[in-house]
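I opened this entry to keep a record of what I looked up in the structure. The notes follow in the order in which I took them.

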Amino acid sequence: MVVLVMGITGSGKTTEGHLLADRLHWEFADADDFHSPVNKEKMRQGIALTDADREPWLAAIRDQIWRWLAAKTNGVITCSALKQNYRELLLSPPAGAGSKADRSQIKIVYLRGTYALIAERLRSRHGHFAGESLLASQLATLEEPRDAITIDIDHTPEQIVDEMIHRLHLA
């Protein structure tokens with residue numbers, strides 16, 4: 001199984017995703033590591049990424065998901081996955097992936113929070129390329145998923161991960 005932890009910047013994807021992977025002894029990959037230096041610089045300057053900017057990034061994340069599935073490796077990966085068509089791309093096997101794995105092995109967890117809570121988190125975060133200046137554009141772009149486990153983020157990371165494990169039926 002691969003768990004895709006999604007949400008806007010500052011929602012806790014990396015913190016909770018890493019904690020979930022550690023608890024389950026699964027592989028972990030952070031979508032931030034798949035961004036190009038150009039994309040990171042744009043975000044550092046508060047410039048929202050376009051669909052064209054995101055396309056190779058999403059493809060690289062999709063490829064990682066499907067590599068894990070082909071290898072029968074459990075993993076947790078983070079990605080903002082703001083739009084439904086981005087999620088569809090992530091769930092679709094890349095060319096040549098074969099039929100050893102299917103999309104039912106990918107579970108999406110959506111970390112949802114209020115503007116105020118996420119803005120507060122972003123103000124206290126230091127050294128990350130995506131700051132509070134991107135919050136409004138991310139919320140404007142966000143298409144809340146209909147096919148995900150939705151978890152409100154107004155709890156501790158440990159409580160959020162407990163709920164993830166429970167709702168994913170992994171306990």
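**Ground rules.** I am working on a predicted model, where local features need pLDDT of at least 70 and side-chain atom pairs count only at pLDDT 80 or more, while totals for chains, interfaces and linings use all residues. Residues are numbered from 1 along each chain as its sequence is written, and side-chain values use heavy atoms, with hydrogens and water left out.

**Elements.** I took helices (H or I, at least four residues) and strands (E, at least two) as DSSP runs, numbered from the N terminus. The protein chain has seven helices and five strands. Read from the N terminus, I noted the order β-α-β-α-α-β-α-β-α-α-β-α.

**Whole chain.** I checked the radius of gyration, taken over C-alpha atoms, against the globule rule of 2.2 Å times the number of residues to the power 0.38. For 171 residues a compact globule would have a value near 16 Å, and the protein chain has 15 Å, which agrees. The C-alpha trace spans about 40 × 35 × 30 Å along its principal axes. Buried residues make up 45% of the 171 residues.

I then looked at contacts, meaning heavy atoms within 4.5 Å. Of the contacts with a separation of 6 or more, 77% are between residues 24 or more positions apart.

For areas I used the Shrake-Rupley method with a 1.4 Å probe, where for residues only the protein chains shown count as cover. The accessible surface of the protein chain comes to about 8,500 Å², and 51% of this belongs to carbon and sulfur atoms.

For charges I counted Lys and Arg as positive and Asp and Glu as negative, without His and the chain ends. I placed each charge at NZ of Lys, CZ of Arg, CG of Asp or CD of Glu. The mean positions of the 20 positive and 23 negative charges are 4 Å apart.

**Strand pairing.** Two strands pair here if DSSP finds at least two bridges between them. I started with strand 1 (residues 2-6), where five of five residues are buried. V2, L4 and M6 point one way from strand 1 and V3 and V5 the other way.

Which strands does strand 1 pair with in the parallel sense? I found strand 3 (residues 75-78), over four bridges, and strand 4 (residues 106-112), over five bridges. In strand 3, V76 stands opposite V3 and I77 stands opposite L4. In strand 4, Y110 stands opposite M6.

Strand 3 also pairs in the parallel sense with strand 2 (residues 27-29), over three bridges. There F28 stands opposite V76. From strand 3, G75 and I77 point one way and V76 and T78 the other way, and all are buried.

I looked up E16, which sits in helix 1 (residues 13-24). E16 counts as buried because its relative accessibility is 2%. Leaving out residues up to four places away in sequence, E16 touches S11, L111, P157, I160, V161 and M164.

R54 is placed in helix 3 (residues 51-70). At 7% relative accessibility, R54 also counts as buried.

Most residues other than glycine have a negative phi. H25 has a positive phi of about 60° although it is not a glycine, and H25 lies in the loop between helix 1 and strand 2. A81 has a positive phi of about 45° and is not a glycine either. The loop that holds A81 runs between strand 3 and helix 4 (84-91).

Note on methods: Buried < 20%, exposed > 50% of the residue type's maximum accessible area, 1.4 Å probe, protein only.
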